[in-house]
Amino acid sequence: MSPPLSRGFHRRHQTPAGEEGRVPPGQYVTQDFPVLSAGPTPHTPTEKWTFSIKQGGDTEKSWSWDEMRALPHEDVTVDIHCVTRWSKLDTHWQAVSIDTLLAQVEHDAGYVLAFCDGGYTTNLPLPDVTGGQAWVAFGYEGEPLPPEHGGPARLLVPHLYFWKSAKWVRGLELLDHDEPGFWETYGYNMYGDPWKEQRYEGD
Amino acid sequence: MDALDGNAIGGLLQEVFGHEMTAALATCGSCDWVGPVAETMVYVRAPGTVVRCRTCTRVLMVFAEVRGRKCVDLQGLAALQAS
Amino acid sequence: MEGTAVRGRLTWQVATVSELTDETATVRTIDLQVPDWAGHRAGQHLDIRLTGDDGYRAERSYSIASAPGEPVAITVERLEDGEVSPYLTEDLRQGDQFELRGPIGGYFIWDPARDTTPLLLVAGGSGVVPLRSILRYRERTGSTTPARLLYSARTLPDVIYRDELDRYNHDQGVDVIYTLTRQQPPGWTGRTGRVNAAMLTGIAWPASQNPLAFVCGPTSFVEAVAGALVGLGYPPGRVKTERFGATGAPGGP
């Protein structure tokens, strides 16, 4: 038996005309920037912040906040897609390419596991964080990235569902196997391609 | 964003456990905290629902809805006792 | 746990809007007709589910505003960026339908048979809704348990259920104290400013009377008040808390 329709009720945001091609299946466009979180917002002061690349239990390379900010960075404009079905078009970030960071480390890893303040993790294949597809973002819309959106810095990997763009990122662990992160452990897809609607395990 | 508490997922808990659970006593698997599920920290705006210990913030329970089916992971709890 | 109100599987049922009452400029009470309603306890809430004609669904939780024994009603505050609350407070009409399930909750409940010590109710904004259910139930059962409601609102026009709350008086064993945090009417002699330890010191029942406190409102409000009550000697187990989204309802707008 189908549920009663709530007369006149509709979702708050509609995809703007002409933008449908930019929106993956099952998504709708929002003008907001919803704050989704699995835990309390960390507040790491930049004086204490570091970003590390680890391999086999060792820290291969680490940058302080000042060192990270001294690296070449770029303005990036991308669409982002959350697994909870909202998409936001033309978001502007200021970010350091992961290519820049990985260039300073010798490795033959096939995968990375991003780790973050608060304990969150997420996994990605190495080819998905290189080739200009991924960044460490410290600025959003011209301002320092606010804590509720992942500041001081977050991962930005816009071609995958946004749970892969880990907030409060503190580093990448280089691995030879694909290790499920936080949401992947609870049934979300290991890869997360929004264009193939890879939301859950087995999609 | 501020966390809610276990009251906010009363319906979800009853759906998953088949019984009212906000008054159930939870024991944190990481620290010594024992208290009603209603007094845990709950994050509902996420790909899933995350329930954390208010004392040590470690994850107690995670609920995810995968292809319409609700899944729950309780590994963070040492015990959960319905009243 | 006794009573059909807390046991068993929750099922979605169809509710029909029977009456709409504007409480303030942004707050509306919705009386509902629910054919298989099992009754509820004071302080419980229910979940509602709206389905648009494109199949889009939204779920929210609302505290039950009416007392056990009265027809089920919810009170909803319209939140500016909300998706559901503007619909419920502006578009909904008598006869409209949506799904609901409930009653829900076994912790944030006042039971006059069990809870006979002085009652302290502390409300932040729309957190007054479940506490009003408790006060109405106290009256319906003829309870003589002394009760005090401390209700924090931005302005006097924002006070929900004002006429009803103003009718309580000390002789009936109920004190209602407002504190207006943003603006007061001319000549206001009542309290102003946020609820804090100093204000509670003068209003909360002494811990020696083994009072039972219910605190409801936005998360930051609840944390501040609960912390202050524990500081006044209330055992944590005697301070029941229910946090609403910073935006006003359990679970969000």
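This is a predicted model: local features need pLDDT of at least 70, side-chain atom pairs count only at pLDDT 80 or more; totals for chains, interfaces and linings use all residues.
**Chain A**

Chain A contains three helices and 11 strands, and from the N terminus on its elements follow the order β-β-β-α-β-β-α-β-β-β-β-β-β-α. Its radius of gyration is 18 Å, close to the 17 Å that the globule rule gives for 203 residues, so chain A is as compact as a globular protein of that length. Further values for chain A are set out below.

| Property of chain A | Value |
|---|---|
| Box filled by the C-alpha atoms, along the principal axes | roughly 60 × 35 × 30 Å |
| Buried residues | 38% of the 203 residues |
| Contacts between residues 24 or more positions apart | 61% of the contacts with a separation of 6 or more |

**Chains B and C**

Where chains B and C meet, 24 residues of chain C are in contact with 21 residues of chain B. On the side of chain C that touches chain B, the elements giving two or more residues are S3, S6, helix H5 (219-231) and strand S12 (239-244) of chain C, and S12(C) gives the most, with three residues. By class, this side of chain C has eight nonpolar, 10 polar and six charged residues.

**Helix H1 of chain B**

In helix H1 (residues 10-17) of chain B, the residues Gly10(B), Gly11(B), Leu12(B), Leu13(B) and Gln14(B) are buried. The buried residues of H1(B) pack against strands S5 (49-52) and S6 (59-66) of chain B, together with strands S3 (45-51), S4 (57-63) and S6 (97-104) of chain C. After H1(B) comes Gly18(B), which has a positive phi, near 75°.

Definitions and conventions
Residues are numbered from 1 along each chain as its sequence is written. Chains are lettered from A and ligands numbered from 1 in the order in which they are written. A residue is buried if 20 or more other C-beta atoms lie within 10 Å of its own, exposed if 12 or fewer, and partly exposed in between; C-beta atoms are placed from the backbone. Helices (H or I, at least four residues) and strands (E, at least two) are DSSP runs, numbered from the N terminus. Two residues are in contact if their C-beta atoms, placed from the backbone, lie within 7 Å. The radius of gyration is taken over C-alpha atoms; the globule rule is 2.2 Å times the number of residues to the power 0.38. Ala, Val, Leu, Ile, Met, Phe, Trp, Tyr, Cys and Pro count as nonpolar, Asp, Glu, Lys and Arg as charged, and the others, Gly among them, as polar.
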